[in-house]
Amino acid sequence: MKRDWLPLLLIPALMIGALPLIGSPASWVTLTVAGLAMGLMIFIMASGLTLTFGLMDVLNFGHGAFIAVGAFVAASVMLALAPWMTADSIWLNLAAIGPAVLAAMVVSGVLGLAFERVIVRPVYGQHLKQILVTTGGLIVAEQLLKVIWGPDQITLSRPTALRGAFLFGDVAIEKYRVLAVAVGLVVFAALALTLNRTRIGLLIRAGVENGEMVEALGYRIRRLFVGVFVVGSALAGLGGAMWGLYQETVTAAIGAQVAVLVFIVIIIGGLGSVGGCFVGALLVGLTANYIGFLAPKVALGSNILLMALVLLWRPQGLYPVAKR
Amino acid sequence: MAEPLLSLRGVQTHIGRYHILHGVEFDVAEGGLTMLLGRNGAGKTTTLRTIMGMWRAAAGEIRFDGRDITHLPTPDIARLGIAYVPESMAIFADLTVQENLVLAARSGPPDQKRLDWIFARFEALKRFWTLPAGLLSGGQKQMLAVARAIVEPRRLLLIDEPTKGLAPAIIANMIDAFRELKDGESTLLVVEQNFAFARQLGDSVAVMDDGRVAHQGGMAAFAADSALQQHLLGLGMGEHQ
Ligand SMILES: Nc1ncnc2c1ncn2[C@@H]1O[C@H](COP(=O)(O)OP(=O)(O)OP(=O)(O)O)[C@@H](O)[C@H]1O
Ligand SMILES: [Mg+2]
């Protein structure tokens with residue numbers, strides 16, 4: 001796995017391949033940055049889900065609930081701090097975004113802990129029940145969001161400092177997208193370091209391969225799983241908050257909508273592989289933006305097509321995880 | 001007489017709807033090496049997995065060091081000082097050789113002296129120290145699986161077919177290693193198909209047949225009784241064409 005660079009090359013290949021089709025280099029740069037930003041936000045939301053599947057074979061169709069809750073919580077905090085959001089100081093803007101994002105992560109993380117206890121734990125090892133019960137959890141969560149925040153969409157505007165674009169000649173790059181890329185790369189680096197350089201990471205990687213053997217070595221895989229589940233939920237909350245700010249609207253359906261992309265990404269990447277999830281997310285983000293520009297009518301299906309192509313090439317995803 | 005380190009009484013194990021172990025009973029004396037023999041499908045692997053709690057005994061009792069471990073979770077059983085080398089080896093393919101051993105050493109980084117002792121017997125592990133374990137050859141994986149169990153001192157080693165796929169020179173090294181472990185800190189319960197290896201190494205023997213222990217006793221007596229071997233293992237002249 002460590003030596004398999006081929007899937008990584010797909011990203012530059014896709015970028016270079018899109019350039020002549022798009023024609024204008026300025027549009028190409030804008031679309032590419034947009035694609036990377038979208039991909040990295042999806043990566044943030046998907047990374048935890050792929051690990052929880054890898055560790056305990058748990059298919060959590062309710063993951064979108066954490067995304068939605070993150071978006072709503074962050075939106076509420078930002079609306080409450082509206083004066084700081086609209087202030088002309090980047091520090092005041094950040095003083096509003098920081099707590100909003102933190103609150104989103106904490107609430108989603110706590111919700112994840114409860115979700116694991118109440119909904120996932122009773123159905124360990126039973127795939128069909130997992131799908132039914134976690135989907136049910138998502139529906140309940142969506143309805144609860146409507147009860148708490150009302151049925152209407154919340155409009156959210158980005159803080160002053162994150163509006164508009166950086167201009168380089170005739171190339172425009174939205175500021176918010178640059179921030180999304182930066183946050184996504186930080187999350188990826190943190191996850192990669194944790195997985196590759198710490199003992200917990202070693203346990204997670206071993207557990208994804210063969211949890212039973214990790215237990216036979218004397219480690220409690222369930223605890224590890226709960227920890228990963230909570231961190232994954234918190235990251236989903238972070239991603240949801242970022243997505244809400246990206247769309248500048250938040251609705252109760254946001255979770256279910258984004259979750260489709262999240263599932264496509266983890267299937268493309270190979271279930272259980274964070275590296276695969278990263279590559280898959282970038283491919284999905286780029287494809288969505290390029291196709292959205294070139295052929296808006298087929299944009300919706302483009303990610304499904306991408307997934308089908310990847311699976312034709314590697315039926316287990318880009319980075320299949322060695323399983324017991 | 002001292003209580004055995006490990007004892008099984010009336011152990012019954014079901015896998016799904018199959019009833020595999022029908023009341024397994026045997027003892028493993030402390031400080032010795034007990035060989036668990038038996039034909040293919042006799043239930044040896046199932047017995048080791050049941051001791052580790054990886055299959056659950058539906059009835060009966062498993063005692064280790066004076067305590068009932070029948071219903072303990074697998075990690076707790078391991079933490080009592082029991083290490084397991086599965087028949088499938090179950091090395092972590094995406095982790096390097098080093099990472100496999102670091103993970104197996106629960107109480108801190110692996111002790112260098114002990115690593116040198118392991119390297120002296122399984123030289124390949126030193127050579128491929130930073131290679132993902134999935135790229136090792138079959139025999140090298142087997143060495144790693146054994147090394148993982150002995151990277152720290154453990155009271156009881158459960159080892160399922162350690163010689164599978166190994167060259168004779170490495171088997172000789174393994175015999176040395178097991179003898180040293182037995183004379184020092186560990187008690188061993190080893191499943192083996194290679195009877196020459198088993199008789200060289202075993203102090204005592206338990207022979208399984210169809211989910212039960214059909215014979216338990218000293219290795220010397222069993223090795224001398226070719227009629228019994230023939231009966232329980234199907235060994236002997238007649239079986240080999
Ligand atoms: N996962 C399983 N599901 C169903 N039956 C199983 C399973 N594992 C083992 N068995 C059955 O249990 C019986 C005992 O198997 P076990 O692996 O314990 O035998 P063994 O003595 O280790 O054999 P071998 O020498 O071939 O390794 C066999 O009949 C086998 O078919
Ligand atoms: Mg076996």
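Colleagues, a word on conventions. Residues are numbered from 1 along each chain as its sequence is written, chains are lettered from A and ligands numbered from 1 in the order in which they are written. Because the model is predicted, local features need pLDDT of at least 70 and side-chain atom pairs count only at pLDDT 80 or more, while totals for chains, interfaces and linings use all residues; side-chain values use heavy atoms, with hydrogens and water left out.

I begin with the metal. Which residues coordinate the magnesium ion, ligand 2? The donors are OG1 of Thr45(B) and OE of Glu87(B), at 1.9 to 2.5 Å. Donors here are N, O and S atoms within 2.8 Å of the metal (3.2 Å for Na, K and Ca), and water is not among the atoms, so sites may look incomplete. The pair links distant parts of the chain, 42 residues apart: Thr45(B) belongs to helix H1 (residues 44–51) of chain B, and Glu87(B) to the loop between strand E6 (82–85) and helix H3 (97–104) of chain B. Helices (H or I, at least four residues) and strands (E, at least two) are DSSP runs, numbered from the N terminus. Thr45(B) is partly exposed, with a relative accessible area of 23%, and Glu87(B) is partly exposed at 28%. In these terms, buried means under 20% relative accessible area, exposed over 50%, and partly exposed in between (1.4 Å probe, protein chains only).

I turn to ligand 1. Of the 14 residues around ligand 1, Lys44(B), Thr45(B), Thr46(B), Glu87(B) and Gln193(B) come nearest; a residue counts as near if one of its heavy atoms lies within 4 Å. A polar side-chain atom of Thr45(B) lies 2.7 Å from an oxygen atom of ligand 1, and a polar side-chain atom of Glu87(B) lies 2.7 Å from an oxygen atom of this ligand. Taken alone, ligand 1 exposes 630 Å², of which the protein buries 63%. Such areas come from the Shrake-Rupley method with a 1.4 Å probe. Strand E2 (18–28) and H1 of chain B are the elements that give two or more residues to the shell around ligand 1. H1(B) supplies the largest share, three residues. A backbone N or O atom of Ala42(B) is placed 3.2 Å from an oxygen atom of ligand 1.

Next, helix H6 of chain B, residues 138–150. Its 13 residues reach 19 Å from the first C-alpha to the last, close to the 18 Å expected at 1.5 Å a residue. Is this helix mostly covered or mostly open? H6(B) is mostly covered, with 11 of its 13 residues buried; among them are Met143(B), Leu144(B), Val146(B) and Arg148(B).

Finally, the backbone. Most residues other than glycine have a negative phi. Glu248(A), however, has a positive phi of about 60°; this residue lies in the loop between helix H9 (221–247) and strand E4 (249–250) of chain A, and is partly exposed at 28%. Phi of Glu161(B) is near 50°, again a positive value in a residue other than glycine. Glu161(B) sits in the loop between strand E7 (156–160) and helix H7 (168–183) of chain B and is buried, with a relative accessible area of 10%.

How values were computed:
Expected span 1.5 Å × (residues − 1). Polar contact = N/O pair within 3.5 Å; in protein donor to acceptor, adjacent residues only side chain to side chain.
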